[in-house]
Each structure stands twice: as structure tokens, then as C-alpha cells.
Number of protein chains: 2
Amino acid sequence: MKSYRDLSREELQQLHTQLEQEYKEAREKGFRLDMSRGKPAASQLDMQMDIMDVLSSSSDYKTEDGTDCRNYGVLDGIPEAKKLMADMMGVERPDNVVVCGNASLTIMYDTVSRCMTHGVLGSTPWCRLDKVKFLCPAPGYDRHFAITQHFGIEMITVPMTPEGPDMDAVERLVSSDQSIKGIWCVPKYSNPQGYTYSDRTVKRFAALKPAAKDFRIFWDNAYVIHHLYEEDQAELLDIVGECEKAGNPDLVFEFSSTSKVSFPGGGIAAMAASKANLDEMRKSLTIQTIGPDKLNQLRHVRYFKNLEGLNRHMRRHAQIMRPKFEAVLRVLEEELGGAGIAQWTEPKGGYFISFEAMEGCAKKIVDKCREAGVVLTGAGATFPYGMDPQDTNIRLAPTLPSPEELAAATDLFVLCVKLVSTEALLEEKA
Amino acid sequence: MKSYRDLSREELQQLHTQLEQEYKEAREKGFRLDMSRGKPAASQLDMQMDIMDVLSSSSDYKTEDGTDCRNYGVLDGIPEAKKLMADMMGVERPDNVVVCGNASLTIMYDTVSRCMTHGVLGSTPWCRLDKVKFLCPAPGYDRHFAITQHFGIEMITVPMTPEGPDMDAVERLVSSDQSIKGIWCVPKYSNPQGYTYSDRTVKRFAALKPAAKDFRIFWDNAYVIHHLYEEDQAELLDIVGECEKAGNPDLVFEFSSTSKVSFPGGGIAAMAASKANLDEMRKSLTIQTIGPDKLNQLRHVRYFKNLEGLNRHMRRHAQIMRPKFEAVLRVLEEELGGAGIAQWTEPKGGYFISFEAMEGCAKKIVDKCREAGVVLTGAGATFPYGMDPQDTNIRLAPTLPSPEELAAATDLFVLCVKLVSTEALLEEKA
């Protein structure tokens, strides 16, 4: 394809007229499609419904150590659920894991909230401090940024690279500023780019020397087993083990869940950390909860059994998801490859494709799509305060629509990209 | 029975020698029994296991309004669960109800935590204030007091009466002290006394004129349908409706759950309040959670169907619990009636019997029981900071043991009461 950059003003003008006509026709088709969130498709949920038959009125409801899952008791997860979630997260010892309720987001929120009201291992509660800051590698996950914003924590953007956050920036900031108390990370198949932190990045994280003793890495390992391919899978070092080795055992809080393994909202979620960190968490849990839903933990353990069971299950998910990712990537390549107006990532796992438009164009593209009936994640959502300074990043979530819907939606998306980009180029040349 | 008070020193001495011998023999029997918490018995759980068959791989997972309960979506409870929990709590409009996770304790904790970090409808966050106080009707529920203590909130004890808290004291304190921000209430079959607030008490609550605009009543309606008898059931006015009528719609947060209806830890929990209060809560929930476990909400709604279904189910629970309460009360009456050394409540519902020993005796009685193998709720636990100023109150939880175990345990308990009381009377006469 000839680069749009090489077109003359007249050619651009002509192209623009043609694209406007196409867009008008597309609008008239009356799409109604939501590509805004990373939701599993109904077909993914359908193929795993036998998990609902695992527990019945005639089941044994005792854990391996004899606890009746139907009654009170057990604060931090049944032993076999700790083992399963430790294996899933690649954490060596189940003792370093606490299994909670239905969402890792809630554990993250609770953890920040606890730091606000009670501090971290004896530190001043953050709500008593004049200023608390978090580093936010971006583009990143909007719900992370929403938590920190909710608690009035100042967010500092750190650039992302294919190896993870810019570690020079992270090290410099963390070691020099006592008010920096945390950093948000999605280390594997990152949201939205699908990048996986390199071994070198993980080791630099584990070796951080923060100015603040109560600094913590918030390590959201949301897509830890969410591969798209059987070969060509990303590998991530175990941060809990690396922090131990580096002599910084308390430096990290790791989170994960089965939201996109079993059911969003109907899954189980876990946190991994050092004994000291988990003991402090348990002190709060004693006050905060009567314990997690042990029946659902038991259901998950009996169904998945072990890491191999989880991986086998995720291969079935991948069979449904892979063609969708590939369909989007194929349209992007065919329609925009070489046009010089966009870049995108080609993830090997996770739930998103990250798209980079020309500067100042992301918001307009998302608006154009919505006007024609295709809802994308709001432009800017992948940055702190919802503000993408270059206005370039768009998060594509290809999992929910059917392949046919997805093809139509991506056709519309590239049309909008072309339309907005030619307008931008015409302005440049004006 | 002749009152112990009328015995001569010699008679008391003789009785004491005999009781010591009996206690020695009892200790040698080597009991191992836990009567410390309000836990359902295994037989209660066994008889309801068909709830686990309600959802299976072939079920329809759509709510009445078409939401797929297996995927993301719905922040504050599926509509039919709101309806069920509203009916259970006696709240008129399901719109005034939010259905959350597996425990009302967690909703209470989250609510206090949110008040600490974000205030109430625009008020200063409580963590920014020099002093925050809660009123604590006592004897009361230890886990309420644990939440307020955890957040450094000062607790002020208010006496309980058979009609509810001493409302003269409540009105005087609440109207005069801006730092008083809340009060803990268990309004029906109260923990531990089994008292139900009278209509007059509820109306006085609804008509409170607090000095603090951000004062809230924390109304833990934990035992709302937990009757022991089909006739002779306590009736409680709907506090949400009464607050509305009194022109104080935002004054109350009401909580309840199915922990002791379906499964402790495997149930569903709800909060009822005004639209303004719930809107503020939902603003937090958007950040805090991806939504509750809709599958478990659906399971509960499909199983219980409606209030009549809930009540029918609770009658089956009562059939198991009633004989246990009656067995304890019979032993207490036979062994201690007229002895002048103890009083106790005779609840018509809930999970506890409240026992009043002679002044300064509760702790010793509980210690004696534990030494002989019967664990009761710690003496003092029913008061703020675990300090019963008179050292008289003991909470008896008769639900978990079998009737046979319970008879043996109560025999041991009354023996310990007699032994410690004769010692106290001997000291008085010394």
C-alpha cells in the first residue's frame, strides 16, 4: 500500500471524499456493537458449563483437611484453592497466597484502602500524609487508575516499552521521592498492549530501592495463563520469588483471578505476597469478613484440579479467541499496513490489541465509530485521569463479538481511522 | 429452689465442697465442645442441600431482564435478588436495596471504611477528624465493636433494655455531640439477648435529630426471619420506611444476609438505604468491584423464590434449633431458677441466649467451663473493647452442638455458675 504520507493534497482530497461516502453508507447500516471491554464471548462460557455440575446435593463438602465448606470458618482460603492459585500464578509456596472473593479488583481496592487507613507494616496511614503518589505505566488499565484517583493519589505516567515499563524512569523516581508509594503493573500480556515484562525488567523491579519503606509494587497478573497460542507463549518470572532472592520479600503485592478462566463475577481471586504482608492483611480480614465463599472455591478446585487442568481449559478458550484476534489483525494489516498512519500490537495472549493512531486522532476515531454504532473503549481511558497526552492510543477488545460481527466492526474501524487520518493530513498540508 | 442468698455461711461452705467435687469429676470426663459462636448445626445444612442442584450445566442463566449472569455486568445486584432481599428485610421498594457479596459484615466494614476515607454525602472524611465516636448498645455483637475499634473510632456504651437501646441516652448523646457519627443496632432478636426493638423505639430512632449531619444508624437486621416459633414471632417496623416518614430518609444503613438462611460464607448479603446513600455507595462500587457473584444470587432466587419460600425454609431450621434452645432453658430453669444468682433471656428467635451472672463472676465462669472443655464466647466480648464493666454477661450459643452434647454442656455450665457464685457469696460473707 502506498503511504498516505506520500499522497498529494489532491489525492488526499479525493480519498477523503470517497471515505466520507463510505462512512455515510456504513452509518446507514445501523450497527449496534460493543467492543469496549474485555468480556469473554457467550461461546466461551457455554463450553465450560459442566463446572456447574461439580457440586450437587450429594457432593462431599469437606476440604482435604476436613473443613466443612458449608459453614463458618477459614479466613483466607481453603488449602487446595491456595495451591491451585499459587500454581496458576507461578508462586512457589501456597503459604504465600490468600484466596478471597470473586474479583482481584476488589482485593486491589481493599489493599489500597487498607494502606490509606492503616498504613503498611507500621508506616503512617497514607490518608494522614499530605501527598501520596503512584507510578502508572501507560497505556495501562483504566480501573487501576480509577482506584488511585478515587483515593486522591497523584498519578505519574511512566512510558511502556515492549519489555515493560521504562525502568530507568521507575528506578529514578522510586528511589528519589518518598511520597511515591506504589506502581501499577500488568506484567503479562499487558492491558492493552499485550506486552510481557522481560526477565531483566522483573529483576530490576525486585531489586528496587524505594525511598519510601511503604512502597509496594501492585502486580496485577490478570492474564497469567491467558495464552492465544500453544507454542509461542510468553514466560514471566515469579515476582514473589525474585523479590525474596533480592532481599526485598515485602516489596510486592501480586493479584490474579479466574474471572476470565471460569466466570467473570463467578470466579475466585487471590493475592500473593510475603508472610509479613499477608499477616497484616489477615489482621484486617478478621475484622472485615467472615471468610470467602468456600463453596465456590471448592467448585473451582474440583473442576480444574491442577495447573494442567487450568491450561487445558485455557487452550479451549484460545481456540475461540484466536480467530478473532487474527481476524482483526488481518483487516488492520490489509487495510492499514504501509499506510503510515497507524501502528498496532500483535499480542500472543490477554484480551486486547493496542492501536496507535496519528497524533490527535484517537478521540475523533472513537467518536466516529460510536456515531456509526460501534462502541470502543473511550479514548484516553488507558492513561491516568483519562488523558492521553498525544491522543493516539485506542484499546481494541476483540473477544465479545462473533467473528462475523468482528469483521464488520473492524472494517468500520479502519474506515474511521482512514477518514480521520486523511483529515489530519489535509490539515497538515493546509 | 431455695435462694443461694438465704443460705448460711455453713450451708454455702458445704455446698461449695460438694460443687468442687462435682466439677472435678466433670473435668475428668474430658469434654471437647465449642459453644462460642452462632454457627448452624450440620443437620441444618444437610436438610437444605437441594439448593446446590438449582443451577446446573443445563440451566438458563438469564435474569428476568435478560442479563447473562455468567458474564460481566450488573454492579449492585440482579433485580430479582433485590426483590427477594427487600421482602426479607421488610423494605418496601427493591430500589432501596443493593445486593453484594457473601457477607453483611463485609458491607458494614466497607461502609465504615468508605465513611473514613470519603465521608458521607459530602461531609469531611472521618479519617480527617480529630475524634469520631460510635454509640454501642451493649451487650451487643463483638464484630461490630471490632470494626469501630479497627478504625480508631471511640465507642460509647449505651444500656440495652427489652425494648431496645436506652433511647433517652441515645437521643441526648446524638443531639449534643457532633463527633458521634453512628450507632450499632441489632434490632430483631438482638445479639445476644434476643430482644426486638419496640415500635416506639424504632420511631424514636427514625426521628433522631443528630448534631452531626453525617450521623448514620447501622441497622444490622441479621435475624430478620430467624424465628424459633411459628406463633409468637417478634415484629419489627421497617426502619427505612420510618426514616422516610419522619423526614430523615438518609439516616439509616440497613444490613442483612442469608448467612444463616442458606450457607455461612456461601450466602448473599444486602444493604438497604435511601437513594442518595445508595448512589454514593454505587459510586464507590464502580471503582471497587466488577459486581457481585450473580450466579450465587441467581441460585438463591431460584431456590427460595419469594418471602413465603424463605419463611417455609426457616420453619425447617426452627424445628432443629427450637429443641436446643428449650433444652438449655430447661436446664437453666431447673438448676438455677429461684437461686437468686443468675438471670437469662428467653428469646423467640435469633441465635443466642444471654446470661447474667452475679457481678464479677462472668469471666470466672467462662474460664471454669473452658478448663473443663466447654468453650463459650469470651466474657466481655459482648461489650466495647471486650470490657464488661460489671463482668456479668455471658453469651450462650446453643445451635452448633447436638441436643445430647448441649445437655451435657449446659449441665457443666450451671455447675460452673453455682461453683463460682458460691465462692462469691462466701467472699461477701467473709
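User: How much space lies in the second largest pocket?
Analyst: The model considered here is a predicted one. Empty space is found by rolling a probe the size of a water molecule over the atoms. For the second largest pocket, the space comes to about 490 Å³.

User: Which residues lie closest to the centre of the second largest pocket?
Analyst: The lining of the second largest pocket consists of 27 residues. Residues of both chain A and chain B are named as closest to its centre. They are A:Tyr141, A:Arg143, A:Lys260, B:Tyr72 and B:Ile290.

User: Which helix gives the most to the lining of the second largest pocket, and how many of the lining residues are charged?
Analyst: With three residues, helix 4 (residues 104–118) of chain A gives the most to this lining. By residue class, the lining of the second largest pocket holds 12 nonpolar and nine polar residues, and the number of charged residues is six.

User: How much space lies in the largest pocket, and which residues lie nearest its centre?
Analyst: The space in the largest pocket is about 560 Å³. Its lining is made up of 29 residues. Those nearest the centre are A:Tyr72, A:Ile290, B:Tyr141, B:Arg143 and B:Lys260.

User: How do the lining residues of the largest pocket divide, and which helix gives the most to this lining?
Analyst: The lining of the largest pocket has 13 nonpolar, nine polar and seven charged residues.

User: How many salt bridges does the structure hold?
Analyst: A salt bridge requires a side-chain nitrogen of Lys or Arg within 4 Å of a carboxyl oxygen of Asp or Glu. Over all chains, the number of salt bridges is 48.

User: Are B:Asp76 and B:Lys82 buried or exposed?
Analyst: The side chains of B:Asp76 and B:Lys82 meet in a salt bridge, with N and O 3.0 Å apart. A residue counts as buried under 20% relative accessible area. B:Asp76 has 10% relative accessibility and is therefore buried. B:Lys82 has a relative accessible area of 15%, so it too is buried.

User: What separates B:Asp279 from B:Lys275 along their helix?
Analyst: B:Asp279 and B:Lys275 form a salt bridge in which the closest N and O atoms are 2.7 Å apart. At 31% relative accessibility B:Asp279 is partly exposed, whereas B:Lys275, at 56%, is exposed. Because these residues are four residues apart in helix 9 (residues 275–288) of chain B, their separation is about one helical turn.

User: What separates B:Asp367 from B:Lys363 along their helix?
Analyst: The closest N and O atoms in the salt bridge of B:Asp367 with B:Lys363 are 3.3 Å apart. B:Asp367 is partly exposed at 21%, and B:Lys363 is partly exposed at 47%. The two are four residues apart in helix 12 (residues 362–371) of chain B, so they are separated by about one helical turn.

User: Which residues of chain A are linked in a network of salt bridges?
Analyst: Salt bridges can also be linked to one another, as this network in chain A shows. Its members are A:Asp76, A:Lys82, A:Lys275, A:Asp279 and A:Arg282.

User: How many aromatic pairs are there, and how far apart in sequence are the parts that A:Phe134 and A:Phe218 tie together?
Analyst: The count over all chains is 30 aromatic pairs. In one of them, A:Phe134 and A:Phe218 are tilted, at 5.2 Å centre to centre and 50 degrees between the planes. Because A:Phe134 lies in strand 3 (residues 133–138) of chain A and A:Phe218 in strand 7 (residues 216–220) of chain A, the pair ties together parts whose distance in sequence is 84 residues.

User: Are A:Phe134 and A:Phe218 buried or exposed, and which aromatic cluster holds them?
Analyst: Both A:Phe134 and A:Phe218 are buried. One aromatic cluster is formed by A:Trp126, A:Phe134, A:Trp184, A:Phe218, A:Phe253 and A:Phe255.

How values were computed: Residues are numbered from 1 along each chain as its sequence is written. Chains are lettered from A and ligands numbered from 1 in the order in which they are written. This is a predicted model: local features need pLDDT of at least 70, side-chain atom pairs count only at pLDDT 80 or more; totals for chains, interfaces and linings use all residues. Side-chain values use heavy atoms; hydrogens and water are left out. On a 1 Å grid over the protein atoms alone, a cavity is a set of points where a 1.4 Å probe fits but cannot get out, and a pocket is an open set with protein on both sides within 12 Å along at least five of seven lines; lining residues have an atom within 4 Å of a point. Grid points are joined across faces, edges and corners, and a volume is the space filled by probe spheres set on the points. Ala, Val, Leu, Ile, Met, Phe, Trp, Tyr, Cys and Pro count as nonpolar, Asp, Glu, Lys and Arg as charged, and the others, Gly among them, as polar. Buried means under 20% relative accessible area, exposed over 50%, partly exposed in between (1.4 Å probe, protein chains only). Rings of Phe, Tyr and Trp (its six-membered ring) pair if their centres lie within 6.5 Å; planes under 30 degrees apart count as stacked, over 60 as edge-to-face and the rest as tilted.
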